[in-house]
Amino acid sequence: MLRRLVIFILCIFALFAGLECLMRAKEDVFAVLADKSLLREKLIRDSSSDTEVMILGTSRLLDAVDQGLFSESVAGQTGRKIKTFNASVPGVNVEILERFVAVVSEKDEVKLVIIEASTPSLTQLPVDTSGQTVRAAEGALEVTENRFPDQLEEWLREWMSDHLAFVRKRKALQPKTLLKFFVVVTADFIDPNLWDRKGVGRNLINFKARKIPELAEDALVPEIVSPKASSFSTDHQTNDPIVGLMVRITRSLQGRGKTVVWVVPPVGGTASHIESNDERNKQYETAINLGGGQLLNYAMPALKSDYLRDPTHLNIYGRSFFSAALARDIVKLKAVEGGEGRGD
Amino acid sequence: MLFNSLTFLVFHLVLVGLYWALRRQMFRQVLLLFGSVVFYGWYYWPALILLGISMVVNYGFSRWINSAGCSSKGKVLAAAVVANLASLGWFKYSAFIGENIVEMMKALGFSVTSPQYSEWLPLGISFFTFQVIAYLVDLSRGKVKCEKNFLVFGVFKCFYAQLVAGPIVRANELIPQIKTQRRFRVGDFYLGLYFIIGGLTLKVFIADTLAQFVDYGFEDPSRIEVVTAWLTVYGFAVQILCDFWGYSTIAIGVGLMYGIRLPLNFDLPYQASSLREFWHRWHITLSQWLRDYLYIPLGGNRKHRNRNLFLTMLLGGLWHGASWNFIIWGGGHGAWLIAERMLPDRFAKIPGIKFLKWLLLFNGVCLLWVFFRAPDFGAAMSYFEALLVPPFTMQDSPPDLLIIMLVAFVGVSLVFGKSFTDRRFLQWGLGRQILSCVLFLFLILAFAGSRLDFIYFVF
């Protein structure tokens, strides 16, 4: 039995040592598999060379736009097939958004970039993970930061993370990574967004929801913000971080010949007042006047709960409904070739 | 110290190494007592004062019971039980009882202000109180010998493997193992290692992953739809099992690495097809404690059987926490057990009846879990509304990961479940042993996020 125990321990150590070597040798690949924003960035970079429309945003726009329906809907109106990639990813913050924009701007085939304008996408800063605390049993203990037990635990975690690649990139070991790996490998010829977090099975099962819905004339009509010629100034600077970010992004994309359309996704209940109020609308207006592009604001009036999974995310019905509405409005703006008017 | 922390792993491995390096059992006892004190005081050292007082007082009571004559033994035992229950009552139930009295007085028109209660609930107080009560009762009944060695008594009282969340160990099971010279048994050590890895998998991979969906659903049931609401309840049923089963499995594994065998606490309870069987498989050491020290003294099967059963389950519910929801939960189980006893089993020969009974039992147990999980009665009712009251909408599918985790639980239970309850791991081939542990370690590593406490810590 002792021999068996020794072999068992040695085998476990050997397997993890092997894993460590593999992960160190291919750290960039595992980094992509372990981090959804890095994975998305790679998918944007690798997306097929005929992708004409790129959608960037958070989980709100990820849930709101079915790229297939959007493309079909645009094709139905313009008679020209286009390919769209919804590169939105949950948890996008300002830093990730700018990183994505930089990658998209390098892709010559992309003609139109639709970007989410919302509180999380424009104001969320990267999370500082250094201040993790241990949650104590509710009501049993009060644990504060900077106590020796917490510091020791933190130090152990950091030590392992610093010295062991398989700990550092441990998220890459999750079973769903196998799917991610498949997505990365096949990104050139299989639409990566088919494997999004809403689930492959669900996309295939919900035939009804995936049909292009018939939109009433007044259904989901956005408020459109376009630049006013008189106040347009390319030299103007702003101290407002939201305006500054929007202007910076729009100019960098337009500088590479792309059309930019900002979209405020539809939301329900009180969230609509957060996403579309006087102050925020003023910021949007200023950003569009200064940087160019167009903005479609769907946040007001609040969407019916029938179309929502929660106040800020659409369900599958809302998704197909909004995908068709967005396609209709993008064609109206002539933001895609064959539409009614050019967005820029 | 939490079992699912790196600090604990380092602490335990160092302690185990030192334990087996020491030759004399007395030194090992000193080491175990020292380790247990460090373990308990790790995050909140003032808790050691309570543990110390409890240890000294109960040691005194045990000696007193031992030396008392037949006529006074009962009185000393009563005093000891009252003292222990008073301490438990003060820390755990004073706020609940006081607030209910204040509400009642207000309803009667008296003007009363709420007094101050203890806001601190010492970790594992319900477990170590029940364990020592069992010892004192057994001592007075002459079922165990009085442990005169304070060091051995101390280790029995606060052995860190089972101090904060059980299993509740009887003195005649644990004290002889602490006292006698332990020999290093490779099989026990090996099995202990497997139990620790397996227990961590249940906790980190299944329970903690499901926790996010359960928390979301119970926070505001109005935002989830009927299918998701049912899956969330199933999710909680699995979460609480894996959380506590995981803890108990780690505890048994920790004990085994010291050559100490702790009793089994879970035996695949959701495979039971009657509630009676369920309670023989769920939190086994608590069920046995309630049977031996509450149900039987109340009269057991001899007289007022149903009343005794109902009261036992009601108090068992209250043991879990000071809230009406726990009382309803316990009462619900009690009523069901009575109904099960009263209904004759006339349908046993009908094909498929076993499956139907299992289905009914599992869903019934899950529905009672709603009271257990919801923060108050109103929240439980809101949840039942989402579960049972039409109109049902089905506009969005349940989260994929919730379904995947439920399926994963079924898979883990079927393939590995039994191996966490007996010694069959040692019979497996080396390849299967290695593959199982590698799979578990991968899952632990991949799913270890923010460490969540074990649910039973607060009981």
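Among contacts in chain B between residues at least 6 apart in sequence, 73% join residues at least 24 apart, two residues being in contact if their C-beta atoms, placed from the backbone, lie within 7 Å. The structure is a predicted model, in which local features need pLDDT of at least 70, side-chain atom pairs count only at pLDDT 80 or more, and totals for chains, interfaces and linings use all residues. Residues are numbered from 1 along each chain as its sequence is written, while chains are lettered from A and ligands numbered from 1 in the order in which they are written. The average pLDDT (the predictor's confidence in each residue, from 0 to 100) of chain B is 90, with 96% of the residues scoring at least 70, and the predictor assigns the complex an ipTM of 0.78 and a pTM of 0.79.

The C-alpha trace of chain B spans about 70 × 65 × 50 Å along its principal axes.

By the domain assignment, which is automatic or taken from a database, chain B consists of domain 1 (6-181) and domain 2 (194-458), whose centres, taken over C-alpha atoms, are separated by 26 Å. To the contact between them, domain 1 of chain B gives 24 residues and domain 2 of chain B gives 23 residues. On the side of domain 1 of chain B that touches domain 2 of chain B, 17 residues are nonpolar, five polar and two charged, where Ala, Val, Leu, Ile, Met, Phe, Trp, Tyr, Cys and Pro count as nonpolar, Asp, Glu, Lys and Arg as charged, and the others, Gly among them, as polar.
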